[in-house]
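Here's a quick briefing to read alongside the model. Have a look at the structure first, then work through the notes below.

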Amino acid sequence: MAKILCLSILSLFLFWSCSGPARSVNTSLTELISKSDSIYYPKYARGFVIHYLGDDKIVEVANPWDSTQTPDYFFVDNSGKLRLDGISTIKAPVLNWSAFSSTQVIMADVLNVIETLKSVAEPEYISNEFVKHAISERLIRNVGMASSPDMEVLLLSNPQFVFVSPFKDNHYEQLKEAGLVVVPDAGYLESAPLGRVEWLVFFGAFFNREDESLRYFQSVEKQYFDAVNVTSAVSVRPTVTTGYLFQDVWFLPAGESFLAQLFRDAGAAYPYANVPGRGSLAYDFEKVFFDCHECDYWIMTINHPDAFTYEQLRRMDERYAGFSAFKNRKVIYSNTAYSMFFEKAWIEPHIILKDISTYLHPGLFDNHQPVYFNLLK
């Protein structure tokens, strides 16, 4: 089968090079992908697909903001038998790569490929002990800010590719102009809690670790739905609000977003659960107070250098004291300065779910020790 596939592909390349005007790279790539042995379509994630061609693979990454745009394609070359012009090629095995987000460090650690990491951006946000020690020993280079990396240091590290978290205004053109392979890791934009975890399969594809990725993902999936089966049986769904003012704007998750889905699955009633959208809602204080001041619980993430208290919350805005959750001491919070919420929690949605449910439904998960969220003291 592999031999026939290779002969077919060779014939295609001869056809393209010898017949009439050269076809576009997109057309050639489309024909090659159409001959895939198998394809991995994500179960929950929206942003990637993996096409398998014998021992090789093509990883397809969609534009997260405009599905009409041409996706990015990356050829992971295991066999050395194919050559694809006009597509970023990554020769296996991967021995040197760069991480521009702490979430990629977490993925590398989970899949036991952390020792192949040779450069990172913004190490102050990385908690991994191996990486911190390797940076101190200059075994991993610090390239500075992800949005404006030290290009000299990055190029000296000579990565096979750079994993980045894509942004709409695109800070990474200078990397591409320097000839670097830039791989967009858009998992943070997924609205489904299990969709974010599934990006571990995308990550693993570059290291030939799909089997390990799938085992981890399937384990989390099972634990998540085991917890949902418990919370779905509750007879009372307490109301919850979230967030707080930032520069006079209160940002809250829309009804189809990551947090809104977590609230639903945790057995909570969220005032904006029916507002369409996967992103954020931007309201003023008066609207949020009108809609949410009687909510039973207030769930928030906050970055604070030391222990956070109700008094410190009140000092942020005196009006917060008017919320029932404040008065009744039912604020559930994650201090992201210590909790690793933004670094690691995305691959453990089952734990976030249990953390929140532990407080919303006392007695439901008596054996669970909260990891990311606690009741404010």
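On the surface, Trp65, Phe167, Tyr188 and Leu189 make up a nonpolar patch, and together they have about 350 Å² of accessible area. Keep in mind that this is a predicted model: local features need pLDDT of at least 70, side-chain atom pairs count only at pLDDT 80 or more, and totals for chains, interfaces and linings use all residues. Residues are numbered from 1 along each chain as its sequence is written, and side-chain values use heavy atoms, with hydrogens and water left out.

**The surface patch**
- A patch takes residues with over 30% relative accessible area and no salt bridge, joining like charges within 9 Å and nonpolar side chains (Val, Leu, Ile, Met, Phe, Trp, Tyr) within 5 Å.
- A salt bridge here is a side-chain nitrogen of Lys or Arg within 4 Å of a carboxyl oxygen of Asp or Glu.
- Areas come from the Shrake-Rupley method with a 1.4 Å probe, and for residues only the protein chains shown count as cover.
- You'll find Trp65 in the loop between β3 (56-61) and β4 (72-77); helices (H or I, at least four residues) and strands (E, at least two) are DSSP runs, numbered from the N terminus.
- Trp65 counts as partly exposed because its relative accessible area is 34%, where buried means under 20%, exposed over 50%, and partly exposed in between (1.4 Å probe, protein chains only).

**The cores**
- The largest nonpolar core holds 53 residues, and Trp250, Trp298, Leu313 and Ile352 have the most contacts inside it.
- Helix α14 (residues 349-360) gives this core its largest share, 6 residues.
- There's also a second, separate core of 41 residues, with Val61, Phe74, Leu111 and Leu117 among them.
- A nonpolar core is a set of buried Ala, Val, Leu, Ile, Met, Phe, Trp, Tyr and Cys residues joined through side-chain atoms within 4.5 Å.

- Three strands form an open sheet in the order β12-β13-β14, with antiparallel pairing; two strands pair if DSSP finds at least two bridges between them.
- β12 (245-246) and β14 are the edge strands, each pairing on one side only.
- Strand β13 (residues 249-253) is joined to β14 by 4 bridges.
- Across from β14's Tyr283 stands Trp250, while Phe251 stands opposite Ala282.
- In β14 (residues 280-283), Leu281 and Tyr283 make the covered face, and Ser280 and Ala282 the uncovered one.

**A buried Asp**
- Asp265 sits in helix α9 (residues 258-265), and Asp265 counts as buried because its relative accessibility is 11%.
- Beyond neighbours within four places in sequence, Asp265 is in contact (heavy atoms within 4.5 Å) with Tyr224, Val228, Thr231 and Leu353.
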